[in-house]
Amino acid sequence: MSKIAVEKVREFRAEAKFQRTSPQKAKLVLDTIKGMRVEQALNTVHFSTKRMGPVIEKVLRSAIQNAAYVSQEQGLDIDVDNLYVRTAVANEGPRMKRIRPAPMGRAFRYQRRLAHIIVTVAEKTSASAAVTGDAPAAKKTTGRTAAKKAPAKKSAAKKAAK
């Protein structure tokens, strides 16, 4: 009966509130960087053609700086090169109600949407390999996926034979 000590993953986050865009438009850029390493995510956002690219890049850089600052203040051993984007979300903020003039003295209401952008970065660690120390287990899982793909190839070969 051995107890397994699991290390808690440290997360560092940054927020940009009340951004003048709809959350849907911000999510288009955020979905492209989820799970990426920080350096690759910065390059992706920097060369994005979307209008929210520079704003999200600023939030991502802020999250990286938060990680560096907190690790220095608390004496944590965090490698900034080993960080990845853990979560990237755009929540809906308050809506601004506006009025557009309409024909014959009427008015149409429309809403300007605002978004709250939250980016969380964490340090990439192989927790399963560190706890068990079992590298061959990872190879076994790749063997299983290859076995699942094999029947599909056989059925394609049978169709070609007919």
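Predicted model: local features only at pLDDT ≥ 70, side-chain atom pairs only at ≥ 80, totals over all residues.
Let me start with one residue. Lys-25 sits in helix H1, which covers residues 23-33.

Is Lys-25 buried or exposed? Its relative accessibility is 52%, and exposed means over 50%, so Lys-25 counts as exposed. Lys-25 also belongs to a patch of positive charge on the surface, together with Arg-20, Arg-51, Arg-98, Arg-100 and Arg-112.

There is a patch of negative charge on the surface as well, made up of Glu-39, Asp-77, Asp-79 and Asp-81. Glu-39 is found in helix H2, residues 38-46. With a relative accessibility of 62%, Glu-39 counts as exposed.

Now the whole chain. The protein chain has 162 residues, and 27% of them are buried. It contains 5 helices and 5 strands. What pattern does the protein chain follow along the sequence? The order is β-α-α-α-β-β-β-β-α-α.

Next, a pair of strands. Strand E3, residues 96-101, and strand E4, residues 107-112, are paired in the antiparallel sense, with 6 bridges. Opposite Pro-101 stands Ala-107, which is in E4. E3 and E4 form a hairpin with 5 residues between the strands, and in that hairpin Met-104 has a positive phi near 60 degrees.

To go back to the charges: the positive patch includes Arg-98, Arg-100 and Arg-112.

Key
Residues numbered from 1 in each chain as written. Heavy atoms only, no water. Patch = residues over 30% accessible without salt bridge, like charges linked within 9 Å, V, L, I, M, F, W, Y side chains within 5 Å. Areas by Shrake-Rupley, 256 points an atom, 1.4 Å probe, with all protein chains shown as cover. Salt bridge = Lys/Arg side-chain N within 4 Å of Asp/Glu carboxyl O. Lys, Arg positive; Asp, Glu negative; His and termini not counted. Charge placed at Lys NZ, Arg CZ, Asp CG, Glu CD. Helix = DSSP H or I, 4+ residues; strand = E, 2+ residues; numbered from the N terminus. Buried < 20%, exposed > 50% of the residue type's maximum accessible area, 1.4 Å probe, protein only. Pairing = 2+ DSSP bridges.
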